[in-house]
Amino acid sequence: MSIEIRNVSKQFGSFRALDDVSLNIASGELIALLGPSGCGKTTLLRIIAGLETPDAGSIHFSGADTTDVHVRERGVGFVFQHYALFRHMTVFDNVAFGLRMKPRKERPSEAVIRQKVMDLLTLVQLDWIADRYPSQLSGGQRQRIALARALAVEPKVLLLDEPFGALDAKVRKELRRWLRRLHDELHVTSIFVTHDQEEALEVADRVVVINQGRIEQEGTPQQVWDNPASPFVYGFLGDVNLFQGRASGGRIHLDDGMQLDNPDAASADGTRAFAYVRPHELDVERYSPGQTPYGQGRPSGMVAQLVRVIVVGPVARLELVAESATQNADNAQPGAVIEAQISARQFHDMGLREGETLVVTPRRAKVFLDHAAGI
């Protein structure tokens with residue numbers, strides 16, 4: 001089933017949860033609504049479900065306007081963060097619940113229900129615990145049972161609200177992979193809400209980034225990661241270093257001493273600039289006294305002191321402070337720490353030590369110009 005969200009707005013008192021949101025979801029697509037707490041993603045999910053009514057706009061399922069259709073008649077299945085399993089029922093009875101609650105004319109026989117429930121438990125790889133109670137299950141098992149229960153009524157749309165938020169990191173990662181495989185097998189149109197960017201990028205066909213009630217960007221995980229459309233998206237998707245400066249003479253001159261080529265800088269002299277660089281996009285080398293950090297034919301580097309190293313498995317995370325900040329401790333800010341990421345092998349081969357002076361050079365930077373702040 002395809003879903004079309006047309007110009008949906010929703011306000012709670014003076015708080016605008018959604019502001020003219022439009023989005024098309026193809027049949028069989030797995031969409032992630034990604035954003036910080038309070039951005040409006042759960043409100044949008046509840047409006048799609050019929051649990052909330054929009055103040056303006058409409059919801060269409062396969063072309064039919066369902067804005068005023070009751071939640072029971074929309075054919076949606078739900079999976080929530082906290083499982084919502086019936087504690088007094090066995091796993092089997094939890095999954096069978098929706099089927100047994102159907103109107104008499106639509107209700108399958110007990111034999112059909114038993115077969116369907118066991119098929120679903122096999123699908124989620126938990127048929128061997130059909131007679132157990134929720135209290136006897138792990139968090140990951142409970143969430144898989146909650147998903148089987150949602151699928152039992154053959155929903156046209158599956159809605160998941162922070163489905164793995166209450167689980168530990170290892171179980172969460174396992175369930176992400178499992179959900180992706182399950183969706184590839186069932187092809188039910190699915191929408192899940194998350195504030196975990198790794199989860200969204202790993203599981204979804206398409207990621208919809210929401211901020212303050214509006215869609216900032218939508219696209220495949222690769223598109224959103226490689227080409228963030230705004231400073232918010234860049235900052236929200238993983239770790240990032242932010243450098244500030246101004247456009248001048250056809251280049252971006254950053255406050256920390258670096259210079260970057262940028263095609264928009266030629267016509268933007270004096271404009272405030274913000275450059276975003278991910279930690280793994282910084283090259284690291286030793287600084288020699290008298291060495292100029294300006295390389296020929298590449299962006300200039302920045303002189304910085306290595307203040308901390310964290311080596312975890314194959315990755316070395318370097319925390320540095322720009323030379324301009326260390327020269328004046330009174331102006332040093334906690335936020336002035338620059339993060340670089342290199343392989344643990346490179347770190348050990350270079351023999352780097354905390355306290356050393358290095359030069360860091362971005363291989364790639366995304367620059368946003370604030371034309372409103374131009375001189």
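**Entry 1: a loop residue**

I started with S62, which sits in the loop between β4 (56-61) and β5 (64-65). Strands here are DSSP runs of E with at least two residues, helices are runs of H or I with at least four, and both are numbered from the N terminus. The model is a predicted one, where local features need pLDDT of at least 70 and side-chain atom pairs count only at pLDDT 80 or more, while totals for chains, interfaces and linings use all residues. Residues are numbered from 1 along each chain as its sequence is written, and side-chain values use heavy atoms, with hydrogens and water left out.

I looked up the phi of S62. It is near 50°, a positive value in a residue other than glycine. Most residues other than glycine have a negative phi. S62 counts as partly exposed, at 47% relative accessibility. I noted the cut-offs: buried is under 20% relative accessible area, exposed is over 50%, and partly exposed is in between (1.4 Å probe, protein chains only).

H187 also has a positive phi, about 55°, although it is not a glycine. I found H187 in the loop between α5 and β8.

**Entry 2: helix α1**

Is helix α1 largely enclosed or largely open? I checked its residues, 41-49. Seven of the nine are buried, so the rest of the structure largely encloses this helix. The buried ones are K41, T43, L44, L45, I47, I48 and A49. G50 follows α1, and its phi is positive, near 95°.

**Entry 3: salt bridges**

I searched the whole structure for salt bridges and got 21. The rule is a side-chain nitrogen of Lys or Arg within 4 Å of a carboxyl oxygen of Asp or Glu. Side chains of opposite charge can pair when their charged atoms come close.

I began with E4 and R6, whose side chains form a salt bridge at 2.9 Å, N to O. E4 is partly exposed at 27% relative accessibility. R6 is partly exposed too, at 34%.

Next came D19 and R214, which meet in a salt bridge at 3.0 Å, N to O. D19 lies in strand β2 (residues 15-25) and R214 in strand β10 (residues 214-219), so the pair ties together parts 195 residues apart in sequence. D19 has a relative accessible area of 24%, which makes it partly exposed. R214 is partly exposed at 41%.

Then I looked at R172 and D196, with a salt bridge of 3.9 Å, N to O. This pair links distant parts of the chain, 24 residues apart: R172 is in helix α5 (residues 169-186), and D196 is in the loop between β8 (189-194) and α6 (197-203). D196 counts as buried at 18% relative accessibility.

I also found a network of salt bridges that links K173, R176, E198 and E202.

E199 lies in helix α6. I listed the contacts of E199, leaving out residues up to four places away in sequence: F164, R172, R176, F192 and T194. Contact means heavy atoms within 4.5 Å.

**Entry 4: nonpolar cores**

The largest nonpolar core has 46 residues. Such a core is a set of buried Ala, Val, Leu, Ile, Met, Phe, Trp, Tyr and Cys residues joined through side-chain atoms within 4.5 Å. V95, V117, I145, L147 and L158 have the most contacts inside the largest core. Helix α4 (residues 139-152) gives the largest share of this core, seven residues. I followed V117, which touches F92, V95, A96 and L99, not counting residues up to four places away in sequence. A second, separate core has 30 residues, including L260, A273, V277 and L318.

**Entry 5: a five-stranded sheet**

I traced an open sheet with the order β13-β12-β11-β14-β20 and antiparallel pairing. Two strands pair if DSSP finds at least two bridges between them. Which strands stand at the edges? They are β13 (259-261) and β20 (366-370), each with a single partner strand, so one side of each has no neighbour in the sheet.

I checked β14 (residues 272-277) against β20: five bridges join them, and they run antiparallel. A275 stands opposite V367 in β20.
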